[in-house]
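Morning, everyone. I have one model to go through, and I will keep it short.

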Amino acid sequence: QVQLVESGGDLVQPGGSLRLSCVASGKILSINVMSWYRQAPGKQREFVASWLTSGDKALYADSVKGRFTISGDNTKNAIYLQMNSLKSEDTAVYYCKAEDWTEAYDYWGRGTQVTVSS
């Protein structure tokens, strides 16, 4: 089992910045990829960014490229999402996901609310 706890969500004005954190505990050595997803009201959950734990490799959705940066700290069992130049359309609940390729299982956190509004 893996437990994920997100934090850092807040209300921010357009153009502002936020940094989200996701800390993993439990069976952390089984995690191959950690990702951020988001879900806006009335919309499906969508991919934001991912971090390959073994290779420090990052992938981004086109909608956030150049504005968001994902990073990882294996010593803290954590990933972060630095979000700059925030737009109203970034408003959503942001979820952390951990993938265990051996077990073919995904773990999800409970999410943290990000609201971009003036």
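I will take one arginine, then a hairpin, then the core.

This is a predicted model, in which local features need pLDDT of at least 70 and side-chain atom pairs count only at pLDDT 80 or more, while totals for chains, interfaces and linings use all residues. Residues are numbered from 1 along each chain as its sequence is written, and side-chain values use heavy atoms, with hydrogens and water left out.

Start with Arg 67, in the loop between strand S6 (57-60) and strand S7 (68-73). Strands here are DSSP runs of E, at least two residues, numbered from the N terminus. Is Arg 67 buried or exposed? Arg 67 counts as buried because its relative accessibility is 11%, and buried means under 20% relative accessible area (1.4 Å probe, protein chains only).

What does its side chain reach? The backbone oxygen of Ser 63 lies 3.0 Å from the side chain of Arg 67. The side chain of Asp 90 makes a polar contact of 2.7 Å with that of Arg 67. A polar contact is a pair of N or O atoms within 3.5 Å; within protein, one must be able to donate a hydrogen and the other to accept it, and residues adjacent in sequence count only if both atoms are side-chain atoms.

Now the hairpin. S5 (residues 46-52) and S6 run antiparallel, joined by four bridges; Ser 50 has Leu 59 as its bridge partner in S6. Four residues sit between the strands, and Asp 56 takes a positive phi near 55 degrees.

Last, the core. The largest nonpolar core has 29 residues, meaning buried Ala, Val, Leu, Ile, Met, Phe, Trp, Tyr and Cys residues joined through side-chain atoms within 4.5 Å. Those with the most contacts inside it include Trp 36 and Met 83.

Notes
Buried means under 20% relative accessible area, exposed over 50%, partly exposed in between (1.4 Å probe, protein chains only). Two strands pair if DSSP finds at least two bridges between them.
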